[in-house]
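Got a two-chain model on the screen and a few things to sort out about it. Let's take them one at a time.

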Amino acid sequence: MKTIISLAAVALLVSGCTNYTTKGEFAPNVYDERPKAILVLPPINKSTAADAKEYYITTITEPLSNSGYYVLPTEIVNDILKQEGLFDTETMLAIPLQKFNEYFGADAVLFVTIEKWDTQFLLTSGSVTVMATCELKSTHTGESLWYYDKEVTVNTSGTTGGMGGWAGLISQVVTTAVETATQDYVPLARNANEKILESLPYGLYHAKFDQDRGTKIELKEKK
Amino acid sequence: MKATAGICLLSGLLIGGCVPSKDTTFYWGDYSQTLYDFTKDPTEETLAAHKEQLLLIIKESPNRGKRVPPGVYAEYGYILLKEGKEKEGLGYLNMEMGIYPEALIFITRIKDEYARGKK
């Protein structure tokens, strides 16, 4: 009888709603390759929000660099790509990855498809729900280094999907300053990006570079 | 003595503010906001605001004991080049390479594109 109960307890623990893994297990290729310079391609926008693309691309550099990476300035990269006659991300997907290394010196390229970008703005609070598929690929081996394909919600009221900390800060910043919707949404978009990047190992410029293999991360079932 | 302590306390309060801030790898000021505004609506005003922000980040980073963030020298130099301020612009591009050696190929690319555009 005792055995059955403990087996049931184990089953409950294992099946739970969320699984955990470590960064080391989730993204071993990042630790092997140690990419320094990352090029972020303009995202493919499949959401109904017309401005999702701009929100995404202008708010990714800050959190990605704070994770310790050299992020090539998106504005200049875009200009150069346009000068080369490349306007659509769809066309850029056909470029062999090693070209991004030869041409820009990037060690990895971040590909992003925005599936959903919902913004809600109420009188005293707002929220952004992002569903994006992100994949970091090596320009040296062509291999996938890291990916993300879950939904993230951040809002100004401080109750985020499972995460605290910065949300409270943003809430204060936003609610004390009654500003226009865009001025509220840039920090929200930035924090959605920050959350998306939580499972990415730290890069060279982060104080905890190469010391975060054991960091636990949430692993939800793929949708 | 009392006055000094008071001033210290006051400036501490002013600097620290009431909002708790977390220590990030880099200081980015309002970069995301001004870049968004410029991307969304590229005008002289939004460009000027973004340029001002880049300069603020360049000045403020060392005050906070931080390295100027990736791409900031490059972006500022790139804008100066577009304005025809060649010497100054190239100087900032070189500063980017100075603190980020991995930017060598990228900066060389910007310089090549600039030289090509001049012809």
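Q: What covers the buried residues of H4(B)?
A: This is a predicted model, so read everything here with that in mind. Helix H4 of chain B, residues 72-82, is mostly covered, with 10 of its 11 residues buried. Part of the cover comes from the other chain, and part from chain B itself. The cover includes H5 of chain A plus, from chain B, helix H2 (31-40), helix H3 (44-63), helix H5 (86-99) and helix H6 (104-118).

Q: Which residues in H4(B) are buried?
A: Buried here takes a relative accessible area under 20%. In H4(B), that picks out B:Val72, B:Tyr73, B:Ala74, B:Glu75, B:Tyr76, B:Gly77, B:Tyr78, B:Ile79, B:Leu80 and B:Leu81.

Q: Which residue just after H4(B) takes a positive phi?
A: Go just past the end of H4(B) and check the backbone there. The phi is about 85°, and the residue is B:Gly84.

Q: How many helices and strands does chain B have?
A: Reading from the N terminus, the elements go α-α-α-α-α-α. Of the 119 residues in chain B, 39% are buried. The secondary structure count is 6 helices and 0 strands.

Q: Is A:Glu75 buried, partly exposed or exposed?
A: A:Glu75 sits in helix H5 of chain A, and H5 of chain A is part of what covers H4(B). Buried would need under 20% and exposed over 50%. The relative accessible area of A:Glu75 is 22%, so this residue is partly exposed.

Q: How much area is buried between chain A and chain B?
A: The contact draws 41 residues from chain A and 33 residues from chain B. Carbon and sulfur atoms give 60% of the buried area. The total comes to about 3,300 Å².

Q: Which element gives the most to the side of chain A that touches chain B?
A: Polar contacts between the chains come to 10 residue pairs. On the chain A side, helix H4 (52-66), strand S4 (70-71), helix H5 (74-83), H7, helix H8 (166-176) and helix H9 (181-196) each supply at least two residues. By class, that side has 18 nonpolar, 13 polar and 10 charged residues. The element giving the most, with 8 residues, is H4(A).

Q: Where does A:Asp107 lie, and which side chain of opposite charge is nearest?
A: A:Asp107 lies in the loop between helix H7 (97-104) and strand S5 (108-121) of chain A. A:Asp107 is buried yet has no salt bridge.

Q: What lies 2.9 Å from a polar atom of the side chain of A:Asp107?
A: Contacts of A:Asp107, leaving aside neighbours within four places in sequence, include A:Pro35, A:Lys36, A:Ala37 and A:His140. At 2.9 Å from the side chain of A:Asp107 lies the backbone nitrogen of A:Lys36.

How values were computed: Residues numbered from 1 in each chain as written. Chains lettered and ligands numbered in written order. Predicted model: local features only at pLDDT ≥ 70, side-chain atom pairs only at ≥ 80, totals over all residues. Heavy atoms only, no water. Helix = DSSP H or I, 4+ residues; strand = E, 2+ residues; numbered from the N terminus. Buried < 20%, exposed > 50% of the residue type's maximum accessible area, 1.4 Å probe, protein only. Lys, Arg positive; Asp, Glu negative; His and termini not counted. Salt bridge = Lys/Arg side-chain N within 4 Å of Asp/Glu carboxyl O. Polar contact = N/O pair within 3.5 Å; in protein donor to acceptor, adjacent residues only side chain to side chain. Contact = heavy atoms within 4.5 Å. Buried area = accessible area lost by both parts, 1.4 Å probe. Nonpolar A, V, L, I, M, F, W, Y, C, P; charged D, E, K, R; others polar.
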